[in-house]
Amino acid sequence: MSPLLKKYRDKLITEIDFSKSSHSGWIKEISDERILYVISKLSAKEITILTEIAINRRYIIEVAEMVGYTRQWTAHIYHSIIDELKKALLRNCVPSGISS
């Protein structure tokens, strides 16, 4: 894992206690509105992919079988989500029209 990706991954998980969370309950514990904005735009399958790979540390091939996608497509979706989260963290503000 690249140092840059590790930095962003650490930013996502530093304040979250996963032991008390349900499958996607970790989302409720995110305090950064930029990250919440990106996650709010994800489909249920995308949230499952993100949760299983990043939080539950499953292999992409396992997650692909769970959601019914190919390994390549699952990897593409996961990396697209990570790219969007990186972009959100680099922005200085939340897009207009977002309320907490």
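First, the ground rules. Residues are numbered from 1 along each chain as its sequence is written, and side-chain values use heavy atoms, with hydrogens and water left out. Because the model is predicted, local features need pLDDT of at least 70 and side-chain atom pairs count only at pLDDT 80 or more, while totals for chains, interfaces and linings use all residues.

Now the overall layout. The protein has 5 helices and 0 strands, and from the N terminus on the elements run α-α-α-α-α. Helices here are DSSP runs of H or I with at least four residues, strands are runs of E with at least two, and both are numbered from the N terminus. Of the 100 residues, 36% count as buried. Buried means under 20% relative accessible area, exposed means over 50%, and partly exposed lies in between, with a 1.4 Å probe and protein chains only. A contact means heavy atoms within 4.5 Å. Among contacts between residues at least 6 apart in sequence, 53% join residues at least 24 apart.

Next, helix α4, residues 60-67. Which residues of α4 are buried? They are Val63, Ala64 and Val67. These three cover an arc of only 105° around the axis, which puts them on the same side of α4; the arc is that of the directions from the helix axis to the C-beta atoms. As a general point, an α-helix has 3.6 residues a turn, so residues three or four places apart point the same way. What covers the buried residues of α4 includes α3, residues 44-55, and α5, residues 71-90. Just after α4, Gly68 takes a positive phi of about 85°.

That brings us to packing. The axes of α3 and α4 come within 10 Å and cross at roughly 150°. Axes are lines fitted to C-alpha atoms, for helices over the stretch in contact, and angles run from 0 to 180 degrees between N-to-C directions. Angles under 35 degrees count as roughly parallel, over 145 as roughly antiparallel, 65 to 115 as roughly perpendicular, and the rest as oblique. So α3 and α4 are roughly antiparallel to each other. The contact is made by residues including Ile49 and Glu52 of α3 and Val63 and Val67 of α4.

The axes of α3 and α5 also come within 10 Å, but they cross at roughly 85°. That makes α3 roughly perpendicular to α5. Among the residues making this contact are Ile49 and Ile53 of α3 and Ile77 and Ile81 of α5.

Last, the salt bridges. How many does the structure hold? It holds 3, a salt bridge being a side-chain nitrogen of Lys or Arg within 4 Å of a carboxyl oxygen of Asp or Glu.

Asp32 and Arg34 meet at 2.7 Å, N to O. Asp32 is buried at 14% relative accessible area, and Arg34 is buried at 17%.

Glu52 pairs with Arg58, with the closest N and O atoms 2.5 Å apart. Glu52 is buried at 4%, whereas Arg58 is partly exposed at 38%.

Lys87 and Glu84 meet at 3.4 Å, N to O. They are 3 residues apart in helix α5, and are therefore separated by about one helical turn. Lys87 is partly exposed at 46%, and Glu84 is partly exposed at 35%.
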